[in-house]
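Here are a few exercises to work through with the model open beside you. Try each task before reading its solution.

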Amino acid sequence: MDWQKWHTGYDQPGSGLAERLRAVQAQLRVALDSAGPGPLRAISVCAGQGRDLIGVLAGHPRRNDVTARLVELDPRIADVARESVHGAGLRRVEVVTGDAAALDQYLAIAPADLVLLCGIFGNISEADIERTIDLARGLVRTGGTVVWTRGRGDGDADVVPRICRWFEERPFQRLWLSPPDVTWGVGAHRFTGEPTPLPPGTNMFTFIRH
């Protein structure tokens with residue numbers, strides 16, 4: 001899979017990726033707008049070019065309050081994200097080239113106020129989706145928000161309802177879910193429990209598609 005080429009879908013007006021990006025960014029703005037005063041922390045797992053979080057922070061009033069870590073395995077794609085961070089002047093945003101599945105990447109910043117799990121759930125097994133959601137209880141603080149994505153209508157069984165159930169059993173409160181008649185799924189869930197310690201040396205998932 002050429003992930004650099006895949007990212008060009010974001011530049012095509014009306015494409016599913018472009019619409020999904022707008023929906024994710026809208027939920028990120030809601031989370032930032034509703035956050036209390038003071039410093040905020042954000043984590044983006046499999047961050048890609050960082051268009052979602054960087055695109056929002058670049059013009060948001062809370063931009064200087066947010067310390068963020070974006071983790072992306074592909075060095076070429078991570079470099080694009082770094083260029084965007086530099087161009088936007090986001091001094092508290094760090095792009096890490098590394099295995100985003102490894103919990104060790106987040107030990108220094110978790111639990112965070114905002115966690116992005118975008119572009120992941122369509123590329124891993126259902127068992128790993130549930131495992132990732134379970135481990136997300138250590139990535140996000142009490143009252144923090146997880147924004148996630150999962151494609152719909154691509155020939156696969158619609159697992160979005162199960163993803164919502166797995167979140168809500170953990171316990172996460174559903175804040176928003178995209179309508180079922182679009183090919184992309186975006187959800188936002190608020191964590192209402194107590195964060196669990198992240199187990200060092202643990203991986204959340206393994207990519208099995210592409």
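The expected span of a helix is 1.5 Å times one less than its number of residues. Keep in mind that this is a predicted model.

**Exercise 1. Compare the span of helix 2 (residues 16–34) with the expected span, then list its buried residues.**

Solution. 
- Step 1: Count the residues of helix 2, which come to 19.
- Step 2: Go from the first C-alpha to the last; helix 2 reaches 27 Å, close to the 27 Å expected at 1.5 Å a residue.
- Step 3: Apply the cut-off for burial, under 20% relative accessible area.
- Step 4: Read off the buried residues of helix 2: L17, A18, R20, L21, A23, V24, Q25, Q27, L28, A31 and L32.
- Step 5: To think about this list, recall that an α-helix has 3.6 residues a turn, so residues three or four places apart point the same way.

**Exercise 2. Work out how strand 5 (residues 140–151) pairs with strand 4 and strand 7.**

Solution. 
- Step 1: Begin with strand 4 (residues 112–117), which runs parallel to strand 5 and is joined to it by five bridges.
- Step 2: Find a facing pair here: L116 stands opposite V147 of strand 5.
- Step 3: Follow the chain from strand 4 through helix 5 (residues 126–135) to strand 5; this β-α-β crossover is right-handed.
- Step 4: Turn to strand 7, which pairs with strand 5 in the antiparallel sense over seven bridges.
- Step 5: Here G151 has W184 of strand 7 opposite.

**Exercise 3. Search the whole structure for aromatic pairs and classify the pair W148 and F167.**

Solution. 
- Step 1: The search finds five aromatic pairs.
- Step 2: For W148 and F167, the ring centres are 5.8 Å apart and the planes stand at 20°. Planes under 30 degrees apart count as stacked, so this pair is stacked.
- Step 3: Check burial. W148 is buried, with a relative accessible area of 0%, and F167 is buried with a value of 0% too.

**Exercise 4. Classify the pair F172 and F191, and name the cluster these residues belong to.**

Solution. 
- Step 1: The ring centres of F172 and F191 lie 4.8 Å apart with planes at 40°, so the pair is tilted.
- Step 2: This pair links distant parts of the chain, with F172 in strand 6 (residues 172–177) and F191 in strand 7 (residues 184–191), 19 residues apart.
- Step 3: Both F172 and F191 are buried.

Methods:
Residues are numbered from 1 along each chain as its sequence is written. This is a predicted model: local features need pLDDT of at least 70, side-chain atom pairs count only at pLDDT 80 or more; totals for chains, interfaces and linings use all residues. Side-chain values use heavy atoms; hydrogens and water are left out. Rings of Phe, Tyr and Trp (its six-membered ring) pair if their centres lie within 6.5 Å; planes under 30 degrees apart count as stacked, over 60 as edge-to-face and the rest as tilted. Helices (H or I, at least four residues) and strands (E, at least two) are DSSP runs, numbered from the N terminus. Buried means under 20% relative accessible area, exposed over 50%, partly exposed in between (1.4 Å probe, protein chains only). Two strands pair if DSSP finds at least two bridges between them. A crossover is right-handed if, with the strands pointing away from the viewer, the path from the first strand over the helix to the second runs clockwise.
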